[in-house]
Amino acid sequence: MPLTPAITDWPAQPLRDRVVIVTGGAQGVGRGIAQAVLGAGGSVMIADLDADAGRACLKEWALPERAAFQRADVASERSVQALVKATLKRFGRIDGLVNNAGIASAHGTPLAEMTLAEWQRRLSSLHGAFLCSKHALPALHAQAGGSIINIASTRAWQSEPDSEAYAAAKGGLVAFTHALAISSGPDVRVNSISPGWITTDAWQAPARRRTPKLSRRDHAQHAVGRVGQPEDIGALAVFLLSDLSGFITGQDHVVDGGMTRTMIYAE
């Protein structure tokens, strides 16, 4: 190392020439991440069960050379294999994978009434992260600098009643993250993001878009003074997918506007 370190230029588009798969990327937080990847100069393959929402993204983005859609079910190994194959065929490489797809609602059936089938369905985000990582890793290793992001939740660390399955899935993603980081290093880095309250009403398919109904009290619960937006998660995802985070792996990053650090007393 030189005695006088040089000034390092910050890249204007940190994901230029990078290809990223975003599962559940047609709506909500996934769409926020996909749009951030495009804004950072990258190319994106969005994978989603909702083909109409996926096609709407491509139409609105109007970036056919850098954006593609593949209908995919991350709970199906055959579907995941087809997704990886389609991405390599379209773009020739995979530099990043964002495992975002899964059931969005934390609320479920009380545990005593929950069937095994519902329990397993609510763990779909964990199963999907396993399958997508398994089949994308060879391509990520080939780039010797690949990055995986698992979208967990602050529900991995705190809960409301009747959310056991969701909490187990998100907590499992955090543990899966640090285990895979150790197994996949040094060529592939693996991190997770745990979003807090993110309002996604305006980030749905066109027919389902709504203006968020948020109160002053909703915003006041956050130390930053507002509820989160999908682009807040997208900004961190770009950082974690890029070389700017080259010394960060195996970590969970909470993005919640300070909500989980706020002392709350019963009224």
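These are legends for a set of close-up views of one predicted model.

Residue numbers start at 1 along each chain as its sequence is written, and side-chain values use heavy atoms, with hydrogens and water left out. Since the structure is predicted, local features need pLDDT of at least 70 and side-chain atom pairs count only at pLDDT 80 or more, while totals for chains, interfaces and linings use all residues.

**View 1. Arg31 and Glu60, a salt bridge between two helices.**
Here the closest N and O atoms of Glu60 and Arg31 sit 2.6 Å apart; a salt bridge is a side-chain nitrogen of Lys or Arg within 4 Å of a carboxyl oxygen of Asp or Glu. The two partners come from distant parts of the chain, 29 residues apart, with Glu60 in helix H2 (residues 51–61) and Arg31 in helix H1 (residues 28–39). Helices (H or I, at least four residues) and strands (E, at least two) are DSSP runs, numbered from the N terminus. Is Arg31 buried or exposed? Arg31 is buried, at a relative accessible area of 7%, whereas Glu60 is partly exposed at 38%. For these labels, buried means under 20% relative accessible area, exposed over 50%, and partly exposed in between (1.4 Å probe, protein chains only). Setting aside neighbours within four places in sequence, Arg31 is in contact with Gly24, Gly25, Ala26, Cys57, Glu60, Trp61, Trp203 and Arg209; contact means heavy atoms within 4.5 Å.

**View 2. Two further salt bridges, Asp95 with Arg93 and Arg226 with Asp232.**
Asp95 and Arg93 meet through their side chains at 2.7 Å, N to O. Asp95 counts as buried at 6% relative accessibility, while Arg93 comes out partly exposed at 29%. In the other pair, Arg226 and Asp232 meet at 2.9 Å, N to O. Arg226 is partly exposed at 38% relative accessibility, and Asp232 is partly exposed too, with a relative accessible area of 22%. Elsewhere, salt bridges that share partners join Arg31, Glu60 and Arg209 into one network.

**View 3. The largest cavity and its lining.**
How many cavities of 30 Å³ or more are there? The count comes to one, and the largest cavity has a volume of about 30 Å³. The search runs on a 1 Å grid over the protein atoms alone: a cavity is a set of points where a 1.4 Å probe fits but cannot get out, and lining residues have an atom within 4 Å of a point. Grid points are joined across faces, edges and corners, and the volume is the space filled by probe spheres set on the points. Ile103, Arg122, Ser125, Tyr166, Ala169 and Lys170 line the largest cavity. Helix H6 (residues 164–184) gives the most to this lining, with three residues. By type, the lining splits into three nonpolar, one polar and two charged, where Ala, Val, Leu, Ile, Met, Phe, Trp, Tyr, Cys and Pro count as nonpolar, Asp, Glu, Lys and Arg as charged, and the others, Gly among them, as polar.

**View 4. Ser125, one of the cavity-lining residues.**
Ser125 belongs to helix H5 (residues 124–142) and is buried at 7% relative accessibility. Leaving out neighbours within four places in sequence, Ser125 is in contact with Ala101, Gly102, Ala169, Lys170 and Leu173.

**View 5. Strand E2, covered on both faces.**
Six of the six residues in strand E2 (residues 43–48) are buried. Ser43, Met45 and Ala47 are on one side, with Val44, Ile46 and Asp48 on the other. Strand E1 (residues 19–23) pairs with E2 in the parallel sense over five bridges; for strands to pair, DSSP has to find at least two bridges between them. Which residue of E2 is the bridge partner of Val22? That partner is Ile46.

**View 6. Ser242, in a loop between a helix and a strand.**
The loop holding Ser242 runs between helix H8 (230–241) and strand E7 (252–255). Ser242 counts as buried, at 0% relative accessibility. Apart from neighbours within four places in sequence, Ser242 is in contact with Pro14, Leu15, Arg18 and Arg189.

Conventions. On a 1 Å grid over the protein atoms alone, a cavity is a set of points where a 1.4 Å probe fits but cannot get out, and a pocket is an open set with protein on both sides within 12 Å along at least five of seven lines; lining residues have an atom within 4 Å of a point.
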